[in-house]
Amino acid sequence: MLLFLALLGASCCSRSDGLKDVAEVARSASSVKVRQDACAQIAEVGGSEAVEVLVDFLDDEVLWYCAAHSLGELRDPRALRPLLDRAQAGGDRSFKMVWALGEIRDPQALPVLEAMSRSLQPSTEQEQRLKRTLDEAIAKISAG
């Protein structure tokens, strides 16, 4: 973790260069833990460049969960469309995308989440989990 902080804070590098270096570590390190730690460091930096990198990580087999969680914590509305697209795609990752949308609390997500909730007839544990997550996200967005 100190390596990432050093990269981001190095006086010889701009913030953007440091972020790019950490993003490269997140993409290419052989250790899953190192990749996930790099993703978390990007989230801590925040800002528009971090959001762009995290959105790119939504399709990464290792980093998707960290990226979705981080985007939810950052609550940046620029993540709305990429998260909605992936939530609507279905699959076992939808619940985390929906969770992040609930954290962002953008009312534009409400119609899509409500439609997803209405159409879901949960019969498996995974579908029940998604239904609960949808209901929680809808409640958060509705409460403002």
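Q: What does R81 form with D85, and how far apart are the closest N and O atoms?
A: R81 and D85 form a salt bridge, with 3.0 Å between the closest N and O atoms; the term stands for a side-chain nitrogen of Lys or Arg within 4 Å of a carboxyl oxygen of Asp or Glu. This is a predicted model, in which local features need pLDDT of at least 70 and side-chain atom pairs count only at pLDDT 80 or more, while totals for chains, interfaces and linings use all residues. Residues are numbered from 1 along each chain as its sequence is written, and side-chain values use heavy atoms, with hydrogens and water left out.

Q: Where do R81 and D85 sit relative to one another?
A: They are 4 residues apart in helix α6, so about one helical turn separates R81 from D85. Helices here are DSSP runs (H or I, at least four residues), numbered from the N terminus, and strands are runs of E of at least two.

Q: How many salt bridges are found in the whole structure?
A: The search of the whole structure finds 9 salt bridges. Among them is K33 with D37, whose closest N and O atoms are 3.0 Å apart; these two residues are 4 apart in helix α3 (residues 32-45), and therefore about one helical turn from each other. K33 counts as exposed at 55% relative accessibility, whereas D37 counts as partly exposed at 25%.

Q: And what about E103, which residue does it form a salt bridge with?
A: E103 forms a salt bridge with R75, and the closest N and O atoms of that pair are 3.1 Å apart. The pair links distant parts of the chain, since E103 is in helix α7 (residues 94-104) and R75 is in the loop between α5 (64-74) and α6 (80-88), 28 residues apart. E103 counts as buried at 10% relative accessibility, while R75 is partly exposed at 41%.

Q: Which residues are linked with R75 in a network of salt bridges?
A: R75 is linked with E103 and K140 in such a network.

Q: Switching to α5, then: which of its residues are buried?
A: The buried residues of α5 are W64, C66, A67, A68, S70, L71 and G72, and what covers them includes α3, α4, α6 and α7.

Q: You mentioned a cysteine, so how many disulfides does the search of the whole structure find?
A: It finds 0 disulfides, a disulfide being a pair of cysteine sulfur atoms within 2.5 Å. C66 counts as buried at 15% relative accessibility, and C39 counts as buried at 0%.

Q: What does the side chain of D60 reach?
A: The side chain of D60 reaches the backbone nitrogen of V62 at 2.7 Å. A polar contact of 2.6 Å also joins the side chains of D60 and R35; this term means a pair of N or O atoms within 3.5 Å, where within protein one must be able to donate a hydrogen and the other to accept it, and residues adjacent in sequence count only if both atoms are side-chain atoms.

Notes
Buried < 20%, exposed > 50% of the residue type's maximum accessible area, 1.4 Å probe, protein only. Contact = heavy atoms within 4.5 Å.
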